[in-house]
Amino acid sequence: MENTKKALSSIPLLKTKAGPRDVDLWPQRLKEEYQSLIQYVQNNKAADNDWFRLESNKEGTKWFGKCWVFQNQLKYEFDIEFDIPVTFPSTAPEIALPELDGKTAKMYRGGKICLSDHFKPLWARNVPKFGISHALALGLGPWLAVEIPDLISKGVIQYKEKE
Amino acid sequence: MSLEDVENIKKRIENFKKTLMELTEAPVMTETAEHKVREMSAEVVDSNPYSRLMALQRMGIVKNYEDIRKYTVVVVGVGGVGSVTAEMLTRCGIGKLILFDYDKVELANMNRLFYQPSQAGLSKVTAASMTLTKINPDVKIETYNTNITLTTQFEEFLNVLKTGGINGERVDLVLSCVDNYEARMTINTACNELGLKWFESGVSENAVCGHIQYIVPGESACFACAPPLVVASDIDEKTLKKDGVCAASLPTTMGVVAGLLVQNTLKKLLGFGTVSWYLGYNALSDFFPSMMIKPNPNCSDNFCLKQQSEFKNRVKEEPECTNVDPLEDVVTHENNEWGISLAEDEPIVSNNITELVETETSKTENVNKNNSIKSEEEYLSLNDGIEFAYQSGDQTAPNEESLVKETELSVDDLREQLSLL
């Protein structure tokens, strides 16, 4: 929890309230999203806690990448994907790990992760300051930390050798 | 042949079966085919499906029941609440129903009403359309198997709202029966832009509370005006066990909410009774709190602000609001009522109940005297039994240090920089 707080406070906040339908301002928001993500990845690397990579399509409306968790010196890697919703940034992106769809109850259709009751209120209170980095740090990060060790211990996910 | 091949073939057979089922059972709906509609007869005979509905007119409850044929209602989300809502409207003989959903029927849905195990695997809109057409072939049904929150599909959604009416006009009413904040905000955005009236509905994740909310852009609070309004369940969040589960659901709560939703839809469309602005349902104490909430003059949705000023002008020009739309009459008068309708509706949930009622009354009077909302605090005062899903945000600007810096780099430069990390 302390780590999450520290990581969170060092992620740059965003300024522009614009979604993909806002043709004029969206490029500016997209720039801020990238800047924030770049800083977040650099922070993670510096803290020896590198745990994801993300990229987007040209319009910045579809995002995809990978995240990983270490457990007993083994690296478990998962594909991430999500869309930027029409109402972004008033509503947060719904992050999905499609390959885990159906493997845990803590997921909605299509592999969207089921976030804690605290996430959405926190996001709503921080519009438009929070961006994709914050959704990862507050949403996906804590979800992985709780769910993946549990799924491994239940044998639902197995370690795969790198091909 | 490996075991995997056999599995794949089995899957393909299953898919073919489903396709065959869709093709043979789905209603043949071509744009050119003339949609035949039976006469809505008032004759009281066993063979007349409309006799009991037309009786509403004979009894003087409804002025002209057949008006229902003129209306087009959009149901977004045909799950536990939406499917039942669609069935009720179909049985009532609504003119046209437009259904939106991107989900499939699953066996895990069988604790709710409407869908059948044999429909598992079908898209919800296809399964619903098949059943509804069998129930009442007079109702024109249009389906969209799409996720409206995606930027690629939102424009289509807007277009359907603008032109989906029986004669290509805008639709009459949108009913939100979705299960998530993102989709509700999407509907809110669309309806604010178009000035379309809509009902929000919802059931809590613990399945024991629900609500409906009538939103008239500019006149009542939109979904972005304040944090979502929910019914207080009086369950301590900390004692609610959420290990290994996302949401619970009951056919009962969903049936009640669908009933309240369609009841108010009928009242709105056919112009009888009063339409509730916000009506909650607490299943644990059988308490139904209600209230009206005005638009937030500081709403974050610009189209909501625009609708608010247009509404103010309309009221100025036509203080009685009588010749805008005769159906609106009922709703406008309700403005003066506010709050709790009957004293005995109060829940027995608190020891200091009298105190609560007292403060409530004074609060209601306060708001009633003022036509405009003066303070944020006053704006955010709610009737007993209703609360915000969470506290609204602080609007203090963050310090410059914590913000992203100005940059000369282009989007493409930054994209590349990220990919090289």
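## Notebook: a predicted two-chain model

I began with the loop between α3 (119-125) and α4 of chain A, where I found A:P128; helices (H or I, at least four residues) and strands (E, at least two) are DSSP runs, numbered from the N terminus. I noted that this is a predicted model, in which local features need pLDDT of at least 70, side-chain atom pairs count only at pLDDT 80 or more, and totals for chains, interfaces and linings use all residues. Residues are numbered from 1 along each chain as its sequence is written, while chains are lettered from A and ligands numbered from 1 in the order in which they are written.

**Entry: cis peptide bonds in chain A**

I looked up the bond between A:V127 and A:P128 and recorded a cis peptide with omega of about 0°. I recorded another cis peptide bond between A:F88 and A:P89, also with omega of about 0°. A:P89 sits in the loop that links β3 (74-83) to β4 (107-108) of chain A.

**Entry: backbone angles**

As background, I noted that most residues other than glycine have a negative phi, and most peptide bonds are trans. I then looked up A:N72, which is not a glycine and yet has a positive phi of about 50°. A:N72 belongs to the loop between β2 (62-71) and β3 of chain A. Is A:N72 buried or exposed? I count A:N72 as exposed, because 7 other C-beta atoms lie within 10 Å. The cut-offs are these: a residue is buried with 20 or more other C-beta atoms within 10 Å of its own, exposed with 12 or fewer, and partly exposed in between, the C-beta atoms being placed from the backbone.

In chain B I looked up B:A207, not a glycine either, and found a positive phi of about 70°. B:A207 is placed in the loop between β5 (198-203) and β6 of chain B. I class B:A207 as partly exposed because it has 19 other C-beta atoms within 10 Å.

I placed A:L122 in helix α3 of chain A. A:L122 counts as partly exposed because it has 19 C-beta neighbours inside 10 Å. From A:L122 to A:S133 I noted 11 residues in sequence and 14 Å in space, C-alpha to C-alpha.

Helix α4 of chain A (residues 132-153) has 22 residues, so at 1.5 Å a residue it should span 32 Å; I found its end C-alpha atoms 30 Å apart, which agrees. The expected span is 1.5 Å times one less than the number of residues. I also recorded a kink of about 30° in α4(A), centred on A:L144; the bend at a residue is the angle between axes fitted to the seven residues ending there and the seven starting there. After α4(A) comes A:G155, with a positive phi near 80°.

**Entry: chain B and its strand β8**

For chain B I recorded 12 helices and 10 strands. Of its 421 residues, 36% count as buried. Among contacts in chain B with a separation of 6 or more, 70% are between residues 24 or more positions apart; two residues are in contact if their C-beta atoms, placed from the backbone, lie within 7 Å.

I then turned to strand β8 of chain B (residues 278-282), which is mostly covered, with five of its five residues buried. Which residues of β8(B) point one way, and which the other? I found B:Y278, B:G280 and B:N282 on one side and B:L279 and B:Y281 on the other. β8(B) pairs with strand β6 of chain B (residues 209-215) in the antiparallel sense over five bridges; two strands pair if DSSP finds at least two bridges between them. Opposite B:L279 in β8(B) stands B:I212. β8(B) is also joined by two bridges to strand β9 of chain B (residues 290-291), and these run antiparallel. In β9(B), B:M291 is the bridge partner of B:Y278.

**Entry: where the chains touch**

I recorded 31 residues of chain B in contact with 38 residues of chain A. On the side of chain B that touches chain A, α5 (151-163), α6 (181-194) and α12 (411-419) each supply at least two residues. The largest share of that side, six residues, comes from α12(B). I divided the residues of that side into 16 nonpolar, 11 polar and four charged. Here Ala, Val, Leu, Ile, Met, Phe, Trp, Tyr, Cys and Pro count as nonpolar, Asp, Glu, Lys and Arg as charged, and the others, Gly among them, as polar.
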